[in-house]
Amino acid sequence: MVTELGTLSRRRVDGAGLADIREKLDAGVRLTMEDGVRLFATPDLTALAALANRERERRWGDVTFFNRNVHVNATNVCEASCIFCSFSRLKTGDAAAYTMSLQEAVGKVKALRGELITEVHIVNGLNPDLPWSYYLDLLRGIKAERPDLHIKAFTAVEIHYFAEKYGMTYEQVFRELIDAGLGSIPGGGAEIFHPRARKKLCDDKVDADGWLEVHRVAHRLGLRSNCTMLFGSIETNEERVDHMLRLRALQDETGGFQTFIPLRFHHENNKLNRLREPTAFDSLRTYAVSRLMLDNIDHIKAYWVMLGVELAQLTLSWGVDDIDGTVREERIYHMAGARTPQTLGRAELVQLIRDAGRIPVERDTLYHVVAEA
Ligand code: V47
């Protein structure tokens, strides 16, 4: 475990023209927009790794978290038309559109009876054909089947949609969902907050202020949440840093975010097919800059499904301390061209963390330690 930069790393960082940023980090001084943009611009990935890894090890040493979870995407019918999305279908009846019955959706959890999982992660499209009771019954059905499971469900975009469609405030939506069994909310739907990029990517869904307000209300009601950033499509590095700073500002206010998850753009089967996907270099530096800019968020997560197992392993030296979980059945990224498996077993997650020279620790959704592997 390293908390001081060795002479060689220090030379590397200073040689890359980042001595002033190193000094700020040494002194616990916050990085600015300009610092973030400079970190993105450096071609010296090794210097960036040295700085980000030091931050990661200062917080967590070699510990790397994972969990045992299952993903449920109950419907892909979605009124929004985000141009990067390969998962959604506009209307019920369109080719490949689906909506699970409650029995089917709860059945995904029922099928795992007796298995040691701790979390169900639910993200859906914005489906105009479902009643409010569908979502409450979904949570109640899962809780009735497995009261021990933590339910992390519905992105801020979905919460905003429920409030508008069913005529409630964010707080009312949350109170009913919490009553039905909601434990926390996932970080999806953030995409890129900057209005220039957001207008192109997802003009017809909740804007940055709305997304942040949903999380503000969630945190006020005692829910923890995650946050994400979709990177590598049409945004600039300035817009990535701007995104991080908006999250950092809300975290200063509420302290409710647990983990930041940069999500690497996938280009198959969507309207951005002509774009190249981000390189490994770009992915690694995005994780590293996130670790350095988001000084008030405890964890940086590399979602292995979307990144690939090998790259996810590498991120563990670029600021990341969490690789998500077993997942079981994934649709959003596989419909966008991900070649990763649908699931990794606990033993495989443990091995991939060990092979990267780190210490695997199984956590629950709220980062309580379940077991040291
Ligand atoms: O909101 C959709 C992204 C998100 C594409 O909170 C895409 O623990 C890249 O948020 N290329 C959903 N990204 C997934 C998500 C998530 C995943 C794992 C864990 C957690 C958590 C949250 O996926 C969407 C969107 O930002 N997305 N399509 C695509 N083609």
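The second largest pocket is lined by Leu-25, Gly-28, Val-29, Arg-30, Leu-31, Glu-55, Arg-58, Arg-59, Arg-291, Leu-292 and Asp-295. A pocket here is an open set of points on a 1 Å grid over the protein atoms alone, where a 1.4 Å probe fits, with protein on both sides within 12 Å along at least five of seven lines; lining residues have an atom within 4 Å of a point. The model is predicted: local features need pLDDT of at least 70, side-chain atom pairs count only at pLDDT 80 or more, and totals for chains, interfaces and linings use all residues. Residues are numbered from 1 along each chain as its sequence is written, and side-chain values use heavy atoms, leaving out hydrogens and water.

**Second largest pocket**
- Four nonpolar, one polar and six charged residues make up its lining.
- Helix 4 gives the most to this lining, with three residues.

**Cysteines**
- The whole structure holds zero disulfides (pairs of cysteine sulfur atoms within 2.5 Å).
- The sulfur of Cys-82 lies 5.0 Å from the closest cysteine sulfur, in Cys-202, so the two are too far apart for a bond.
- Cys-85 is in no disulfide either; its nearest cysteine sulfur, that of Cys-82, is 6.2 Å away.

**Arg-146**
- Arg-146 sits in the loop between helix 6 (132–145) and strand 4 (150–153). Helices (H or I, at least four residues) and strands (E, at least two) are DSSP runs, numbered from the N terminus.
- Arg-146 is buried (under 20% relative accessible area, with a 1.4 Å probe and protein chains only). Its value is 9%.

Note on methods. Buried means under 20% relative accessible area, exposed over 50%, partly exposed in between (1.4 Å probe, protein chains only). Ala, Val, Leu, Ile, Met, Phe, Trp, Tyr, Cys and Pro count as nonpolar, Asp, Glu, Lys and Arg as charged, and the others, Gly among them, as polar.
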